Amino acid sequence: MFFKTLEEGTELWDRQKDDTEPLLPTTATRKTFDYVLVAHKVDNDNNLKAQRQKAFIQELEKKNITVTKIVHDDKVFFGLRAPTQIFQDYQYLLKVSDSCNWCGDVKGAVTQATRIRIVHFILHQTFLNTGENLEELLMKDVFETIFCLHERKQQKRLQQKWARWSALFTGQPVNEVKSYFGEKVALYYLWLGWYTKLLVPAAALGVVVFLYGLAFFNTNPLIKEVCNSSIIMCPRCDKRCDVWQLSDTCAYAKVSHLFDNEGTVAFAMFMAIWATLFLELWKRHRATYVSRWKVYDWCEEEEELILEIVNDPNCTPKHFTHSYLHSTLVLILVTLMLMLIIGLAQALVVFRVVAAPLLSECNCGFISDHANTVAMMLGAVLHYVTIQIMTRVNRWVSLKLCEIENPNSFAAAERSFTVKMFTFQFFTLFSSLFYVAFFLGRINGHPGNYVRIARWRLEECHPSGCLTDLFIQMAVIMLLKQTLNNIFEFTVPWLKSCLSRKSAKKLERKCGHCYRKTCRDEQGHVEPCEICKLRDWLRNYHLADTDAFSLFNEFLEMVIQFSFTTIFVAAFPLAPLLALINNIFEIRLDAIKMVRLERRLVPRKTNDIGVWTKVLEVIGVMAVIANGLVIGVSSDFIPRLVYRYRYGPCANGNTQTHCMEGYINDTLSMAFISHQAVRNDFTSSQMVTENGVNVTQCSYRDYRSNEDYSLTSQFWLVLAVRFAFVILFEHVVVVCKFIAAWFVPNNPIRVKNHRLHDKMSRLKEELCEMKCSRTTDV
């Protein structure tokens with residue numbers, strides 16, 4: 001929005017700010033605990049676990065953290081409450097810091113989210129005299145688990161306004177989410193909501209492109225040529241595969257035209273520019289909110305230093321270190337891991353190569369008749385299973401590599417882990433797709449000189465093109481990944497929640513809400529009885545566990561989806577529509593899971609989605625390259641273009657027929673059984689049609705001479721035009737991306753004006769305080 005004057009802009013900003021001010025109270029009227037530690041009950045005090053538990057609790061008490069112990073059945077619960085002094089020190093250090101002094105936590109009461117974040121850091125930086133910290137004690141089962149508590153009133157408010165299916169098409173209360181879960185979670189939902197909104201035009205145009213292909217479904221001359229053809233095609237495999245009629249694949253040709261037509265070129269260009277506009281507009285959208293939340297200049301590393309000082313005033317900073325040996329080792333291990341992942345993709349290729357002829361030999365009716373398609377779909381399902389297994393392997397390897405690197409801060413470790421995990425996942429997901437897009441049908445050879453793996457021939461493309469294979473592969477993986485992941489993601493914590501409500505309800509009946517009648521302390525806060533405390537702790541204890549990976553998993557899932565939506569969108573114009581439908585439900589599913597079914601995430605402060613922004617930018621560049629190659633190399637757009645203007649009827653001056661008439665026949669070459677090499681590949685029994693007619697020749701997809709099987713001049717012309725198109729496409733789109741990035745500034749004018757006014761007011765306030773202190777001293 002452009003403002004006529006600076007005053008109008010500032011007034012509108014303040015009015016918007018007042019309308020969106022978080023409704024959550026800064027402090028609870030009922031005294032809450034910052035954290036709860038749970039351990040198994042140990043009867044013998046001399047037991048090593050019991051001694052470690054006691055020692056860790058003593059270390060916490062030395063830091064003036066109040067510990068409330070309650071024993072329930074075979075569990076011991078330790079309620080932890082930090083002293084006020086810790087939070088006052090934190091606020092003071094924020095005020096005097098270089099980058100965090102504009103933060104909203106500098107003044108006023110400390111929110112429960114801030115308390116949780118500080119106590120979480122202190123707990124994980126508390127060490128026994130043996131050097132063990134809480135993470136190691138959890139691994140050694142000294143403590144079973146640790147969690148922060150949901151605030152019941154705020155939790156119910158978020159359930160009513162946001163975390164319910166009836167709010168599917170309503171806006172998100174991002175400010176309340178920020179107050180409850182912290183800026184990091186709020187920015188995830190802000191990003192996801194923005195991504196979903198901008199998917200609407202992309203999905204709409206994708207549907208238009210699909211309908212464009214559907215509109216010419218029955219009138220397209222290429223489809224008619226395939227469906228009415230009498231051409232005999234060469235056997236698809238050795239031994240039991242016979243020659244076949246091109247017209248038998250009429251349905252396949254129709255499907256191919258839906259996803260390989262002139263509209264996909266324009267759509268691919270649009271999506272490449274869309275990815276850039278999405279990122280640039282997201283930066284503006286983010287700037288508006290982080291400025292409103294007063295974390296625009298906030299620095300994660302400086303926040304970590306402040307927390308270290310709060311935890312231990314005598315601490316020393318962790319120095320930056322770099323080891324060329326460690327870096328070389330990590331580089332070698334990453335390379336080996338990528339080679340393993342690519343090797344698995346090649347194994348999937350081998351599976352498809354072997355499965356197709358075996359299925360064609362099984363005499364199973366439909367399966368035998370469509371062996372290649374069935375093998376392709378089985379390969380896609382197997383690819384999905386591989387993805388699920390490798391996701392766990394990739395995470396373990398990424399963590400180990402981060403340990404080797406040994407970053408000096410949590411923020412650096414998180415960035416390093418994110419880059420490695422995404423790289424491994426990207427290769428796991430897309431290696432097979434890259435093979436289908438750029439190698440399938442191009443390295444398989446020709447009759448008399450087939451390329452083989454052992455005794456099996458490599459796969460061939462359909463005469464109508466190779467793009468449908470890529471579409472099927474993407475559709476299966478996207479649908480399975482999104483549908484099954486969402487089902488498991490929701491049902492597992494939901495079932496756990498249903499099974500664990502009984503114990504808390506028993507305590508509720510036993511207590512009878514006695515905290516309403518309990519005496520209040522001097523500040524008016526309520527101290528619940530032990531039964532109320534235990535009931536609340538058990539309610540949170542039985543929820544699904546969360547950790548530092550909980551939000552990372554959500555981001556990774558969405559960024560991978562963004563990759564599918566942009567990188568091969570030329571082969572799958574409906575990908576944005578599937579992503580849009582999924583995301584509408586994903587927002588509510590994640591909200592319900594996070595608010596109702598899982599333990600409370602540790603609120604974390606940030607002002608951006610971090611390294612994910614760089615990852616999205618890389619994906620945007622890859623989308624330009626991949627879509628240019630898909631259209632120029634994988635699709636039949638260029639061969640059709642060359643035929644229309646160089647070899648077709650219209651190019652030869654014949655205007656009585658359609659310009660594309662004869663195109664399918666032009667893309668086929670002939671193999672003669674009289675040739676010795678061809679006779680070695682095809683037996684005489686394979687050269688018999690369904691009607692029992694013996695044939696002495698068959699057709700295959702390629703531009704080769706019928707005499708010596710050498711490549712024709714048309715092949716080299718098509719190849720040259722393909723590469724010329726790829727270069728032209730990528731240069732045009734890259735220029736458009738740069739123009740779009742330049743045209744859309746990262747920060748809205750109103751954000752710049754608001755920050756300018758805010759900085760000036762803070763400087764004036766500091767000057768006023770200094771003058772007042774001088775007057776007092778005098």
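How many cavities of 30 Å³ or more does the structure hold? In this predicted model, the answer is 3. Rolling a probe the size of a water molecule over the atoms shows where empty space is left.

Let's look at the second largest cavity, which has a volume of about 70 Å³. Its lining is made by Met478, Lys481, Gln482, Glu557, Met558, Ile560, Gln561 and Phe564. Two helices, H17 (467-499) and H20 (549-567), each supply at least two of the lining residues, and H20 gives the largest share, with 5 residues. Sorted by class, this lining has 4 nonpolar, 2 polar and 2 charged residues.

## The protein as a whole

Now for the wider picture. The protein has 27 helices and 12 strands, and 52% of its 778 residues count as buried. Take the contacts with a separation of 6 or more: 80% of them are between residues 24 or more positions apart.

One pair of residues shows how sequence and space can tell separate stories. Ile739 and Thr276 are 463 residues apart in sequence, yet their C-alpha atoms are 9.8 Å apart in space. Ile739 sits in helix H26 (residues 713-743) and is partly exposed, at 49% relative accessible area.

## Charged partners

Side chains of opposite charge can pair when their charged atoms come close. The structure holds 26 salt bridges. One of them joins the side chains of Lys184 and Glu414, at 2.7 Å from N to O. Lys184 belongs to helix H8 (residues 183-215) and Glu414 to helix H16 (residues 410-438), so this pair ties together parts 230 residues apart in sequence. Lys184 counts as buried because its relative accessibility, 19%, is under 20%, while Glu414 is partly exposed at 24%.

Another salt bridge links Arg755 and Asp297, whose closest N and O atoms are 2.7 Å apart. Here Arg755 lies in helix H27 (residues 749-777) and Asp297 in the loop between helices H11 (262-292) and H12 (300-311), 458 residues apart. Lys593 and Glu554 also meet in a salt bridge, at 2.5 Å from N to O.

Key. Residues are numbered from 1 along each chain as its sequence is written. Side-chain values use heavy atoms; hydrogens and water are left out. On a 1 Å grid over the protein atoms alone, a cavity is a set of points where a 1.4 Å probe fits but cannot get out, and a pocket is an open set with protein on both sides within 12 Å along at least five of seven lines; lining residues have an atom within 4 Å of a point. Grid points are joined across faces, edges and corners, and a volume is the space filled by probe spheres set on the points. Helices (H or I, at least four residues) and strands (E, at least two) are DSSP runs, numbered from the N terminus. Ala, Val, Leu, Ile, Met, Phe, Trp, Tyr, Cys and Pro count as nonpolar, Asp, Glu, Lys and Arg as charged, and the others, Gly among them, as polar. Buried means under 20% relative accessible area, exposed over 50%, partly exposed in between (1.4 Å probe, protein chains only). Contact means heavy atoms within 4.5 Å. A salt bridge is a side-chain nitrogen of Lys or Arg within 4 Å of a carboxyl oxygen of Asp or Glu.
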